[in-house]
Amino acid sequence: MVEIQALPETSIFGQIADYQHEQVVFCHDHETGLKAIIGIHNTVLGPALGGTRMWHYASEAEALNDVLRLSRGMTYKAAISGLNLGGGKAVIIGDAKTIKTEALLRKFGRFVQNLNGKYITAEDVNMTTKDMEYIRMETKHVAGLPESMGGSGDPSPVTAYGTYMGMKAAAKKAFGSDSLAGKRIAVQGVGHVGTYLLEHLTKEGAHIVLTDYYKERAEEAGAKFGAKVVGLDDIYDQDVDIYSPCALGATINDDTIDRLKCSVVAGCANNQLKDENVHGPALVDRGILYAPDFLINAGGLINVYSEVTGSNRQGALTQTEKIYDYTLQVLEKAAAEGLHPQQAAIRQAEQRIAAIGRVKSTY
Ligand SMILES: NC(=O)c1ccc[n+]([C@@H]2O[C@H](COP(=O)([O-])OP(=O)(O)OC[C@H]3O[C@@H](n4cnc5c(N)ncnc54)[C@H](O)[C@@H]3O)[C@@H](O)[C@H]2O)c1
């Protein structure tokens with residue numbers, strides 16, 4: 001596993017080397033004000049696929065770090081899910097409310113096109129379906145489009161299904177049975193994925209306690225699913241079997257970890273561990289089983305992949321169901337090799353990339 005060390009902000013090649021990226025493309029256009037970075041982490045398994053995020057970064061160094069970290073995560077997510085995809089991601093620097101124009105997006109599309117399919121882009125934070133339409137005008141290397149445009153549509157139900165499968169596998173390991181009937185589950189965030197997840201959980205007879213940043217959204221979900229609604233910060237103190245982070249990242253941190261009373265953490269949020277090298281082992285010390293986030297939330301990527309391969313929603317769901325087996329395998333590996341689950345998942349992904357890399361070494 002690659003240990004990432006803090007580097008001086010100016011050491012661009014140092015950072016690229018540390019994260020082991022193949023290629024990082026800096027895109028600039030004076031006319032439109034476009035400043036974008038495309039991070040291509042690894043293409044051993046296939047083209048690098050990952051969304052484009054637009055964000056008002058405090059510094060260019062922060063933007064670079066974000067694209068490097070996110071694209072590396074995509075490599076692992078694809079590899080561990082058995083997909084023939086590499087990891088990539090792009091960031092456009094700037095305030096989406098002020099600088100985003102058709103021309104800027106189409107110019108970005110031309111940079112994507114220039115990579116000839118080595119990078120396939122998709123929607124991410126602060127990008128809309130309309131924005132993707134503009135990018136699509138300049139490049140065919142776009143995935144995750146709405147069904148009306150011939151794409152694979154909303155990935156949230158598929159992500160929720162995979163998270164549900166991963167949660168059941170973790171329950172099997174922690175409690176000896178994968179049944180969630182009667183289990184007390186704290187769901188943090190009832191947005192797109194969280195709501196679909198609640199449908200699976202309540203159908204199986206789990207008892208839910210939930211919270212959301214938007215009080216009305218929380219109340220609505222509480223009423224619909226017969227769940228108890230608690231305050232934003234109170235979610236960490238609940239006496240539950242499973243904590244399911246489905247909102248933001250980094251919610252497992254120094255401030256929250258000692259408050260958790262659960263036996264399992266399994267949710268769809270990205271980057272749940274604030275520092276995987278600190279909080280991964282800390283969960284093990286506390287006797288809490290962690291279902292690796294990038295493994296159990298891969299349903300969305302699997303759904304997008306179905307677009308690349310010409311499969312359909314049913315094919316994506318069938319592939320997503322395998323997250324149950326993959327999660328069990330990773331948790332077994334972690335126990336057998338004395339690793340924390342996130343570390344075991346990264347190793348498993350790296351081993352697949354290395355093995356397939358050797359396969360491809362013959363002409
Ligand atoms: N949508 C997908 O297919 C997909 C795929 C992989 C990973 N994810 C990740 O899953 C998470 C949820 O995605 P989503 O598409 O449902 O997003 P979303 O924006 O629809 O839902 C997130 C919800 O969390 C709430 N929230 C924000 N901050 C909160 C806080 N501090 N406490 C409680 N609630 C809070 C928001 O109000 C919102 O209702 C994100 O981390 C996302 O990156 C989503």
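Domain bounds here come from an automatic or database domain assignment. With that in hand, hello everyone, and let's look at the two domains. This is a predicted model, where local features need pLDDT of at least 70 and side-chain atom pairs count only at pLDDT 80 or more, while totals for chains, interfaces and linings use all residues. Residues are numbered from 1 along each chain as its sequence is written.

The assignment gives domain 1, covering 12–74 + 86–143, and domain 2, covering 156–351. Their centres, taken over C-alpha atoms, are 28 Å apart. Five residues from domain 1 and four residues from domain 2 make the contact, where two residues count as touching if their C-beta atoms, placed from the backbone, lie within 7 Å. On the domain 1 side, four of these residues are nonpolar, one is polar and none is charged. For those classes, Ala, Val, Leu, Ile, Met, Phe, Trp, Tyr, Cys and Pro count as nonpolar, Asp, Glu, Lys and Arg as charged, and the others, Gly among them, as polar.

Now to the ligand. Which residues are closest to it? They are T159, G189, G191, A247 and G300, out of 24 residues that surround the ligand; a residue counts as near if its C-beta atom, placed from the backbone, lies within 6 Å. Two elements give two or more residues to this shell, α6 (156–175) and α7 (192–203). The most come from α7, with three residues. Helices are DSSP runs of H or I with at least four residues, numbered from the N terminus. By class, the shell has eleven nonpolar, eleven polar and two charged residues.

Let's stay with α6, because it is oblique to α13. The two pack at an angle of about 40°, with axes 8 Å apart, and helix α13 spans residues 323–337. Axes are lines fitted to C-alpha atoms, for helices over the stretch in contact, and angles run from 0 to 180 degrees between N-to-C directions. Angles under 35 degrees count as roughly parallel, over 145 as roughly antiparallel, 65 to 115 as roughly perpendicular and the rest as oblique. Among the residues that meet are G162, M165 and K168 in α6, and Y324 and L328 in α13. The contact residues divide into seven nonpolar, three polar and three charged.

Finally, helix α1 (residues 12–19) and helix α2 (residues 60–80) have axes that come within 10 Å and cross at roughly 15°. That makes α1 roughly parallel to α2. I12, Q15 and Y19 of α1 touch L64, N65, L68 and R72 of α2.
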